[in-house]
Amino acid sequence: MGSLHKITFVLLFSLVALGRAEYVKYKDPKQPVSVRVKDLLSRMTLAEKIGQMTQIERENATADALAKYFIGSVLSGGGSVPAPQASAEAWTNMVNEMQKGALSTRLGIPIIYGIDAVHGHNNVYKATIFPHNVGLGATRDPDLVKRIGEATALEVRATGIPYAFAPCIAVCRDPRWGRCYESYSEDPKIVQSMTSLISGLQGDAPSNFVGRPYVGGSKKVAACAKHYVGDGGTYMGINENNTIIDTHGLMSIHMPPYYNAIIRGVSTVMTSYSSWNGVKMHANHFLVTDFLKNKLKFRGFVISDWEGIDRITSPPHANYSYSIEAGVGAGIDMVMVPYRYTEFIDDLTAQVQSKVIPMSRIDDAVYRILRVKFTMGLFENPFADTSLAGEIGKQEHRELAREAVRKSLVLLKNGKSASAPLLPLPKKAGKILVAGSHADNLGNQCGGWTITWQGQSGNNVTAGTTILSAIKATVDSGTQVVYSENPDSSVLGDKYDYAVVVVGEPPYAETFGDNLNLTIPAPGPSVIQSVCKATKCVVVLISGRPLVVEPYLGDMDAFVAAWLPGSEGQGVADVLFGDYGFTGKLARTWFKSVDQLPMNVGDKHYDPLFPFGFGLTTEAHK
């Protein structure tokens with residue numbers, strides 16, 4: 001019997017020990033984040049660490065691939081969706097399946113899924129599309145922008161995604177740049193104030209969190225300040241080009257928004273494709289490691305742009321092992337390698353094994369990535385919250401977008417003389433004309449980064465209200481509205497009380513938007529001239545930046561810069577017809593001619609058509 005007692009005791013002891021062994025510090029949410037990160041990091045193999053540093057495209061992210069390579073992150077590129085017009089359920093099912101793959105691994109580290117939600121959750125069908133940043137800068141309303149961040153976070157989470165590649169805090173110094181509409185202003189102070197979007201997306205970071213990433217629960221998302229740094233200052237506005245400026249200029253113009261982003265607890269920073277004085281930002285150790293991480297004490301993770309390390313060389317990917325050494329060596333923690341991720345993993349592994357890249361650099365990268373994942377509660381809540389499905393395109397969010405449109409419009413001319421203003425327009429009229437390529441075109445008024453990367457013209461893009469529909473819904477029932485996109489003499493021969501002409505740029509994104517002449521695309525100018533000769537007219541310009549308008553300004557009775565207002569065109573009619581007053585102020589200088597560019601407020605030879613800060617006002621008549 002004695003030996004039986006001994007066996008029982010040993011068995012019991014072993015079970016107790018097993019129970020103890022199963023307690024794993026990194027899985028205990030009661031432990032401080034730093035304790036959890038250190039515990040998990042100490043258990044990880046090199047393959048598991050390098051997997052965490054790897055972000056791959058949704059198309060490749062099978063559950064098997066995620067598990068086999070211990071992948072740390074997945075992204076949707078612009079327009080990369082589970083299916084055309086995919087529902088919230090289709091999105092959450094996709095993300096959850098990927099997450100199951102990640103959680104099936106030995107250590108069960110969840111992926112962080114990222115997406116470009118840059119003016120609302122813009123890849124998703126029927127999501128609320130807010131005005132692009134160029135319009136939000138004109139509102140001068142950081143609280144509005146914060147509320148947009150809050151709404152966007154809910155819509156992003158509704159699809160099971162916890163990470164948004166926003167905001168773009170570029171300071172666009174040259175409107176020839178194809179990404180100028182992603183910038184709030186040419187003035188760093190305005191861009192600094194609009195970092196409030198980060199607090200909307202992530203929640204308000206506690207005051208003792210300075211430098212540390214903060215995400216306030218499962219209805220908030222990790223944000224990303226981009227593109228570090230100087231992306232808005234390139235030569236002639238050429239996308240991904242060279243920003244030629246001294247250290248003082250870089251630090252006083254392009255860097256300040258990053259100070260505010262870090263104070264707000266931004267989780268991630270994305271490096272820029274561009275160069276500073278010839279050095280690629282993706283390879284700039286001084287700015288990424290010495291300055292951002294060490295001097296500014298940024299504690300989140302640094303992510304590359306799409307195939308960003310490939311572009312360290314010219315042509316891209318010409319010397320990939322060098323690109324990896326330079327990019328990871330500069331301090332990039334997570335590398336966006338949408339497609340060729342096995343090559344990246346193999347090459348980086350070899351460089352660590354041969355001590356080209358020290359293990360301390362890998363550990364720093366993984367520590368930062370895990371810090372963000374633990375902070376945002378991904379280990380406790382790795383799966384989508386399906387109860388949020390109703391947040392997508394919710395009426396309250398559309399009302400918020402409509403408010404943003406109203407506040408973003410800038411009235412640049414009102415009446416051929418100050419004593420005879422045209423706006424606000426009377427709702428009661430006999431017959432009015434609405435004309436132009438952008439009057440009844442939802443895709444055009446949303447711009448790039450809408451459903452697809454480049455955006456697209458037309459009214460079957462997503463859900464929303466065109467400006468024409470908004471005008472019809474606003475005027476008196478007795479007012480006859482005639483619509484003609486490009487009216488000929490038979491249309492113009494009729495008598496109208498007034499006309500609303502809506503013209504502008506087609507949708508574009510990134511390099512496709514680079515433009516050295518900045519003219520209003522045809523037939524915009526001829527429509528302006530023919531309609532405004534025939535009747536009193538207000539011209540509404542839909543564009544991602546100021547365009548050449550001086551030749552036509554004399555023909556117009558009133559002129560409104562509406563930027564890229566997004567899905568809620570009713571906000572335009574709200575102000576045109578006086579339900580609300582015009583309040584927007586230019587956050588960009590409106591040049592006379594492209595020969596003046598770059599020209600920004602404070603420059604010695606400042607001779608604008610409309611100066612920075614300009615904007616006429618009207619009173620609402622309720």
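Contact here means heavy atoms within 4.5 Å. The model is predicted, with local features needing pLDDT of at least 70 and side-chain atom pairs counting only at pLDDT 80 or more, while totals for chains, interfaces and linings use all residues. Residues are numbered from 1 along each chain as its sequence is written, and side-chain values use heavy atoms, without hydrogens and water. Helices (H or I, at least four residues) and strands (E, at least two) are DSSP runs, numbered from the N terminus.

I then listed the buried residues of α18 (467-474): I467, L468, A470, I471 and T474. They lie on the same side of α18, because they cover an arc of only 160° around the axis, taken from the directions from the helix axis to the C-beta atoms.

Next I traced an open sheet of 6 strands, ordered β12-β17-β16-β15-β13-β14, with mixed pairing; two strands pair if DSSP finds at least two bridges between them. Its edge strands, β12 (410-414) and β14 (480-484), each pair on one side only. From one strand to the next, the twist averages 15°.

Within this sheet I looked up β13 (431-435) and β15 (498-504), which pair in the parallel sense over 4 bridges. A435 stands opposite V501 in β15. Helix α20 (524-534) lies across β13, β15 and β16 (537-542), at about 170° to β15; axes are lines fitted to C-alpha atoms, for helices over the stretch in contact, and angles run from 0 to 180 degrees between N-to-C directions.

Terms used. Buried means under 20% relative accessible area, exposed over 50%, partly exposed in between (1.4 Å probe, protein chains only).
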